[in-house]
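Hi,

Here is the structure I promised to pass on. Have a look at it first, then read my notes below.

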Amino acid sequence: MKTLNMDGPFELKQEVIDRIIPDEIIGNYAYGYIDASDKTFVVQYVGRSDTNLKERVCHGLGQYPYFKVSVASSPQEAYYKECQNYHDFGGDEGLLDNKIHPAKPERGLVFCPICSKRLLDKIIGKK
């Protein structure tokens with residue numbers, strides 16, 4: 001079963017963001033809504049911030065009703081988690097509001113683990 005591995009959901013309101021997220025931390029977030037039939041969080045968008053998670057989460061104010069959030073220890077860790085969430089919740093299939101694959105962090109040589117595995121499987125002939 002796919003999971004975001006994030007805290008929440010929380011109402012996407014400025015006062016909630018200010019209370020929940022410390023200043024200038026690295027981490028991941030997801031925007032979405034609560035399904036009325038089974039009360040589950042439906043993911044609509046996944047993202048990350050390599051510098052200021054609180055500031056980045058605010059970009060969804062007025063567009064989405066809820067968010068989930070998690071702290072990361074490094075930009076690379078946040079990138080790997082964003083890639084995993086993007087693929088798990090259908091970003092590469094057009095099921096999320098994300099228009100493009102997560103961008104790599106500015107520093108470090110990192111690659112999307114899912115895309116890398118798919119490429120390797122294709123090279124060695126796995127389906």
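Among contacts in the chain between residues at least 6 apart in sequence, what percentage join residues at least 24 apart? The value is 72%, where a contact means heavy atoms within 4.5 Å.

Before the rest, a word on the ground rules. This is a predicted model, in which local features need pLDDT of at least 70 and side-chain atom pairs count only at pLDDT 80 or more, while totals for chains, interfaces and linings use all residues. Residues are numbered from 1 along each chain as its sequence is written, and side-chain values use heavy atoms, with hydrogens and water left out.

**The whole chain**

You'll find 4 helices and 4 strands here, arranged along the sequence as β-α-β-β-α-β-α-α. The chain's radius of gyration is 15 Å, close to the 14 Å from the globule rule for 127 residues, so the chain is as compact as a globular protein of that length. (That radius is taken over C-alpha atoms, and the rule is 2.2 Å times the number of residues to the power 0.38. Helices, H or I with at least four residues, and strands, E with at least two, are DSSP runs numbered from the N terminus.) Along the principal axes, the C-alpha atoms fill a box of roughly 50 × 40 × 25 Å.

Of the 127 residues, 41% are buried. Buried means under 20% relative accessible area, exposed means over 50%, and partly exposed is in between, using a 1.4 Å probe and protein chains only.

As for charge, there are 17 positive and 18 negative side chains, and the centres of the two sets lie 7 Å apart. Lys and Arg count as positive and Asp and Glu as negative, leaving out His and the chain ends; each charge is placed at NZ of Lys, CZ of Arg, CG of Asp or CD of Glu.

**The strands**

Two strands pair if DSSP finds at least two bridges between them. Strand β4 (residues 66-71) pairs antiparallel with β1 (residues 7-11) over 3 bridges, and D7 has V69 as its bridge partner there.

How much of β3 is buried? In this strand (residues 41-49), 7 of the 9 residues are, so β3 is largely enclosed by the rest of the structure.

N85 is buried at 2% relative accessible area. Setting aside residues up to four places away in sequence, N85 touches T3, L4, M6 and V46.

Next comes I114 in helix α4, which counts as buried at 14%. Beyond its neighbours within four places, I114 is in contact with C83, Q84 and H87. I114 and Y86 are 28 residues apart in sequence, and their C-alpha atoms are 9.8 Å apart in space.

Is L119 buried or exposed? L119 is exposed, with a relative accessible area of 52%, and sits in α4 (residues 113-124). From L119 to G8 it is 111 residues in sequence and 34 Å in space, C-alpha to C-alpha.

Cheers
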